[in-house]
Amino acid sequence: MKNGLLGPLLFSIYVNDLPAVLQKCISHSYVDDTRLQISYKLQNKDIAVAKINEDLRKVYNWCFRNYLLLKPDKSKAYGVWYQTNATKASRYLCWEGLIT
């Protein structure tokens, strides 16, 4: 293997069990970037935020046990949902910004 390929490969093997920690969210990973995703109805936003935070605590604990450092200043959260307009029966993509 070339020198530049071994590092990402070993890291991928090292973090391979991260998705098993999650109970509420789905994870999508690419090299050292992981995204947590959850589907929810707009009226259930508070419940969804609580579920995401629960899984984030599990990710934090997993990282601590595996000697990995999270960088909260590089982490982002946002909500995206579809809203149907009943008169036109079309869909609009709505951005909420940061979930707090």
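**View 1. A nonpolar surface patch involves Leu 6, Leu 9, Leu 10 and Ile 13.** Patches take residues with over 30% relative accessible area and no salt bridge, joining like charges within 9 Å and nonpolar side chains (Val, Leu, Ile, Met, Phe, Trp, Tyr) within 5 Å. A salt bridge puts a side-chain nitrogen of Lys or Arg within 4 Å of a carboxyl oxygen of Asp or Glu. Areas come from the Shrake-Rupley method with a 1.4 Å probe, and for residues only the protein chains shown count as cover. Leu 10 belongs to helix α1 (residues 3-14). Its relative accessible area is 48%, which is partly exposed. Buried means under 20%, exposed over 50%, and partly exposed in between (1.4 Å probe, protein chains only).

**View 2. The whole protein has 2 helices and 4 strands.** Their pattern along the sequence is α-β-β-α-β-β. Helices (H or I, at least four residues) and strands (E, at least two) are DSSP runs, numbered from the N terminus. Of the 100 residues, 19% count as buried.

**View 3. Strands β1 (residues 26-30) and β2 (residues 33-37) pair in the antiparallel sense.** The pairing runs over 5 bridges; DSSP must find at least two bridges for two strands to pair. Tyr 30 has Asp 33 in β2 as its bridge partner. The two strands form a hairpin with 2 residues between them. In the turn, Val 31 has a positive phi of about 50°. Ser 29 lies in β1. Ser 29 is partly exposed, at 48% relative accessibility. The C-alpha atoms of Ser 29 and Val 15 are 9.6 Å apart, with the two residues 14 residues apart along the chain.

**View 4. Helix α2 (residues 45-65) has 21 residues.** From first C-alpha to last, α2 reaches 30 Å, close to the 30 Å expected at 1.5 Å a residue. The expected span is 1.5 Å times one less than the number of residues. Which residues of α2 are buried? They are Ala 48, Val 49, Ile 52, Asp 55, Val 59, Trp 62 and Cys 63. They cover an arc of only 135° around the axis, so they sit on the same side of α2. The arc is that of the directions from the helix axis to the C-beta atoms. On the other side, Asp 46, Arg 57, Phe 64 and Arg 65 are exposed. Tyr 67 follows α2, with a positive phi near 60°.

**Notes.** Residues are numbered from 1 along each chain as its sequence is written, and side-chain values use heavy atoms, without hydrogens and water. In this predicted model, local features need pLDDT of at least 70 and side-chain atom pairs count only at pLDDT 80 or more, while totals for chains, interfaces and linings use all residues.
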